[in-house]
Amino acid sequence: MRIYDRWMHEGTMDRRGRSHPPQCTTSREDRQIMRMAVTDRSVTSRTVTQHIESVTHNSVSARTIQRHLQQNGLSSRRPLLGLPLTQNHIRLRRR
């Protein structure tokens, strides 16, 4: 009996190999992640993670949040930090 025939007779998909692990978030959690990211662009992935864990009691990593946002066409924004000014720059800027 071939593997395919055995799978068909048992009526289960547990023996089939997967090319990826099962998804750890539900579609509802995915929508919530997207909503948080769109409404507040300054929210971090760790903040979203903490919010999801408090609401659903399901642990989700910050990397998972980043991956979901990237798959949906959003990316994290990092604030542009100002360059440190030297004493010469400060003096010239005051003039």
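Trainee: Where does histidine 57 lie?
Mentor: Histidine 57 lies in the loop between H3 and H4. Helices here are DSSP runs of H or I with at least four residues, strands are runs of E with at least two, and both are numbered from the N terminus.

Trainee: Is histidine 57 buried or exposed?
Mentor: Histidine 57 is exposed, because its relative accessible area is 71%. Buried means under 20% relative accessible area, exposed means over 50%, and partly exposed lies in between, with a 1.4 Å probe and protein chains only.

Trainee: What about the phi of histidine 57?
Mentor: The phi of histidine 57 is positive, at about 60 degrees, although this residue is not a glycine. A positive phi also occurs at glycine 73, which follows H4, with a value near 85 degrees.

Trainee: Before we go on, what kind of model is this, and what are the ground rules?
Mentor: This is a predicted model, in which local features need pLDDT of at least 70 and side-chain atom pairs count only at pLDDT 80 or more, while totals for chains, interfaces and linings use all residues. Residues are numbered from 1 along each chain as its sequence is written, and side-chain values use heavy atoms, with hydrogens and water left out.

Trainee: How many helices and strands does the protein chain have?
Mentor: The protein chain has five helices and zero strands. Read from the N terminus, its elements run α-α-α-α-α. Of its 95 residues, 21% count as buried.

Trainee: Let us take H2. How many residues does it have?
Mentor: Helix H2 covers residues 27-39 and has 13 residues. From its first C-alpha to its last it reaches 18 Å, close to the 18 Å expected at 1.5 Å a residue. The expected span is 1.5 Å times one less than the number of residues.

Trainee: Which residues of H2 are buried?
Mentor: They are Glu29, Asp30, Gln32, Ile33, Met34, Met36 and Ala37. The cover over them includes helix H3 (45-56) and helix H4 (62-71).

Trainee: Then what is aspartate 30 in contact with?
Mentor: Leaving aside neighbours within four places in sequence, aspartate 30 is in contact with Gln23, Thr25 and His68. Contact means heavy atoms within 4.5 Å.

Trainee: And histidine 68, is that buried or exposed?
Mentor: Histidine 68 counts as buried, because its relative accessibility is 9%. This residue is in helix H4. Not counting residues up to four places away in sequence, histidine 68 touches Gln23, Thr25, Asp30 and Met34.

Trainee: Which other residues of H4 are buried?
Mentor: The buried residues of H4 are Ala62, Thr64, Ile65, His68 and Leu69. They lie on the same side of H4, because they cover an arc of only 160 degrees around the axis. The arc is that of the directions from the helix axis to the C-beta atoms. The face turned away from this buried side carries the exposed residues Gln70 and Gln71.

Trainee: New topic: which residues make up the largest nonpolar core?
Mentor: There are ten: Ile33, Met34, Met36, Ala37, Val48, Ile52, Val60, Ile65, Leu69 and Leu74. H2, H3 and H4 are the elements that give two or more residues to this core, and the largest share, four residues, comes from H2. A nonpolar core is a set of buried Ala, Val, Leu, Ile, Met, Phe, Trp, Tyr and Cys residues joined through side-chain atoms within 4.5 Å.

Trainee: What does isoleucine 33 touch?
Mentor: Not counting residues up to four places away in sequence, isoleucine 33 touches Val48, Ile52, Ile65 and Leu69. Isoleucine 33 is buried, with a relative accessible area of 2%. Its C-alpha is separated by 7.3 Å from that of isoleucine 65, 32 residues apart along the chain.
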